[in-house]
Amino acid sequence: MMSAHQTLTDTASGRQTEARAGGAETNRILSGLKPEIFFHYFEEISRIPRGSYNEKQVSDYIAQFARDRGLEYFQDDIHNILVKKPGTHGYESAAPVIFHGHTDIVCESDEGVHHDFEKEGIKLRIDGDFIHGTGTTLGADNTVGVALALSVLDSTDIPHPPLEVVLTVQEEVGKGGAQYFDASRLTGKRLIDFNWHDPKSLFAGCAGDISARFRIPAEWQKSPAGLTPLRAFVKGLSSGHSEFDIHLERANAIVLLARILGALLDELPIRLASVKGGVNRYVIPGDAEAILLVHQADLDRANEIVRSVSADLKKEFFVSDPKLEVGLERHTEAVERVLSDITANSVVQAITLTPNGVQSMSLTIANLVESSNTIALLSTSDEEVEILSTIPSAISSRRYAILKRIERLAALMGRGTKVTTFADCPEWPYNKDSKLLAVATRAYEETFKVKPHVEVSHSSLELGLFNQKIPGIDMISIGPEAFDVHTTRERLNHTTVEPIWRLLKEILRNLKD
């Protein structure tokens, strides 16, 4: 834990910072994009490896940033960081404003791309109006938030109240940073979050969520002699954020894999050796595979079954997943053990019977998903086969009702099958009387001469935890346009950053009370 004394950044150091962050820099991919200070920090942060549980380096970078500017800061044991900056002239006595973002990103790469996320940052590229990663996720979720916060902290010409900037860790794996963060270090009661991806709207409410691990004990047997090892696979799906994109009815690779395995098990004495799929609890799985053994005499029939299932799936998902690929191919590695028939059938049954996709729609907000479940991860270990689900809902009781269905399924299966939970995060209810939302709405109208949409989302953000930890807190979220977050198609529309930057400055200018 560290802290530094609280002082104002002097004018000279401010000028040095602006020169360092300005367009005079060379060899930068984003050089020349506006606002320059934002894209300076976006590129700086992008160079730092920062997958979940690997945030120390980026946290230390922010701590050094604070020390260099004489700002008070605090790092906790898991690398959450809080930076404070006094209000500017005329705003010294205004109520503090909390900024919030998270430092970790989802780490996923395209097939055939070897990127060491533990050691390598994101290789940025620009294509027209969009910034992409190169064969990987971009991490705009939430590099945008970190860059916006650092840009204001580094400024010398933006009027603002006292700032308390909270940048949390482990958001993408259960909001562990926000759960752990000591909110008593904050004095503010109004918060601006930067984890929203639609510049045409103000974000004003979200679901909560909980994750469930469905654990099936693995019973192992020695592989029978003379069988042919095969790999069944599902790939090429559209994938996407399991909360932002769940209403798009995209295919889930783990669910499709279970259909393939079920069709094979219904007809043939196949032996299952392993299953795996998914990349993150907040990503609709785009790939999944199983290693299995088949009698030589059954190879033709196995291929026929998989081709038949593939044809059905392509008809079902030709709109949402036109690049869907399903196949069965030879597996070249030796398979020394297989799961028992009971375990193999239990895996297929658990995946098939676990709720997946939209479970209920809101009856108070048009076209809003109220509750859902995503079977997000599938893995095989020496001890068990684990199926991880993430259950978001705007109403806690419905979240727990879906969880109870999964728990009752495990109880019916018996044989030591159990469900454990983690990352139980509350919802953030929409407050139509929010004063901060009213200020932001006026600022939006003043900046863009149109009224903003006010959005409530099915996504579950850390804001539910801040709402729980700080009674009476008033919150909104804003951000530039980003698409396909959590996938390798993730992209940030850089032309929408400058308008959001102007909006943020206008909101801050109007928070003088």
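Predicted model: local features only at pLDDT ≥ 70, side-chain atom pairs only at ≥ 80, totals over all residues.
**Stop one: a pair of helices**

Start by selecting residues 56-68, which form helix 3, together with residues 140-153, which form helix 4. Two packed helices are described by the angle between their axes and the distance between the axes. Here the axes come within 11 Å and cross at roughly 10°. Angles under 35 degrees count as roughly parallel, and helix 3 and helix 4 are therefore roughly parallel to each other.

Now show the side chains where the two helices touch. On helix 3, pick Y61, I62 and F65; on helix 4, their counterparts are V146, L150 and L153.

Next, look for an open sheet of four strands, in the order 4-5-22-21 and with antiparallel pairing. Select 125-127 for strand 4 and 482-483 for strand 21: these stand at the edges, and each has a single partner strand, so one side of each is left without a neighbour in the sheet.

Then move to strand 5 (residues 130-132) and strand 22 (residues 491-493), an antiparallel pair joined over three bridges. Click on F130 and you will find N493 of strand 22 opposite.

**Stop three: a residue in a loop**

Finally, select S340, in the loop between strand 14 (337-339) and helix 8 (341-353). Is S340 buried or exposed? Its relative accessibility is 5%, so S340 counts as buried. Leaving aside residues up to four places away in sequence, S340 touches E219, Q221 and R271.

Methods
Residues numbered from 1 in each chain as written. Heavy atoms only, no water. Axes fitted to C-alpha atoms, helices over the stretch in contact; angles between N-to-C directions. Parallel < 35°, antiparallel > 145°, perpendicular 65-115°, else oblique. Contact = heavy atoms within 4.5 Å. Pairing = 2+ DSSP bridges. Buried < 20%, exposed > 50% of the residue type's maximum accessible area, 1.4 Å probe, protein only.
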